[in-house]
Amino acid sequence: MADASGTLTLQFGTATYESASWDSTSQTGAGVSVRVDRLQPSVLYTATPVCSGATTGSYGLQTGTPGQMQPRCTTAFPYTVRQLPVGNFESIAATGTLINAGADTALNTVTLTNPIQYFGAMSTSLTVSSNGVLSTIPFTASTATNKSAASTSLPVGTIAPFWDDLTATPGTGVGCYWQAKDPDGTPASGDEYTIVSWEGYKTVSSATGLLNFQVKFFANGNIEYHYGAMNPGTTGAAHQGSGATTWLEDPTGKSALAVNVNSLTPGIAPSSAWRFTYAP
Ligand SMILES: [Ca+2]
Ligand SMILES: [Ca+2]
């Protein structure tokens, strides 16, 4: 339909989410194509999404050529996140393979028996830091300071259940471990998962606390963070995530889906869990 000018408004009830206007100056041809995408809540973008129209609140607007699909303002983040009703921290200190017995600064490369899936790519190699973060992308950079925004600097593509400056003193039940689990005992039946677990760690800033947390990589691509005892130190709220990053970062470092970044809102609670559902 030839249309010299007009306005299209997207509403829910009486609330206006987005509107697009065009006229003979902005659109010299017949009609216009309009696309409105909801920007994904909780995703931290490195820059304001670039839309040809406008970005209003959590919506991005694209206007363009009649009959042609317009591109998204952003790359869709292929995970959603939600808190699980209960945590299921499974200690593997007695059954898993030791990655590191406990240190302030340690990076270890782990070769898994079963590949894990991250952003649709399969990997059997992880670089694991003593500071509560790992990546499928190798890195040797320091991890003492947790990222608060996604970036291309290493480590990138970070999988961070509790990234802060942590340390651990070697002892019984202390250390970083991994283990492949297969509940039904039948290989490749779909219930398999791999755990990477930090047990008996503490923050450098409040070194009497005791932190126990882990990542679970499931065969269907879902990723879960589980927290066991997260005991306070002598001071502060570091054990609750006041100085820690909990998120998934995309492998290009352009965005991250955050649970908590240097905050007590929502913070990290003992015996809790968060699920990142893979939904490409
Ligand atoms: Ca450290
Ligand atoms: Ca199985």
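Predicted model: local features only at pLDDT ≥ 70, side-chain atom pairs only at ≥ 80, totals over all residues.

The domain assignment divides the protein into domain 1, residues 6-74, and domain 2, residues 80-278. The centres of domain 1 and domain 2, taken over C-alpha atoms, are separated by 37 Å. Where the two domains meet, five residues of domain 1 are in contact with nine residues of domain 2. The side of domain 1 that touches domain 2 comprises three nonpolar and two polar residues, with no charged residue.

The interior can be considered next. Of the 280 residues in the protein, 39% are buried. In soluble globular proteins, nonpolar side chains tend to be buried together. Here the largest nonpolar core has 48 residues, and those with the most contacts inside this core are Val196, Leu211, Trp247, Leu248 and Leu257. Leaving aside residues up to four places away in sequence, Val196 touches Leu126, Val128, Leu134, Trp178, Gln214 and Val215. Another core, of seven residues, lies apart from the largest one; Ala20, Val36, Cys51 and Cys73 are among its members.

The contacts can also be viewed by sequence separation. Among those between residues at least 6 apart in sequence, 61% join residues at least 24 apart.

Key: Residues numbered from 1 in each chain as written. Chains lettered and ligands numbered in written order. Domains from an automatic or database assignment. Contact = placed C-beta atoms within 7 Å. Nonpolar A, V, L, I, M, F, W, Y, C, P; charged D, E, K, R; others polar. Buried ≥ 20, exposed ≤ 12 C-beta atoms within 10 Å, placed from the backbone. Core = buried A, V, L, I, M, F, W, Y, C linked by C-beta atoms within 7 Å.
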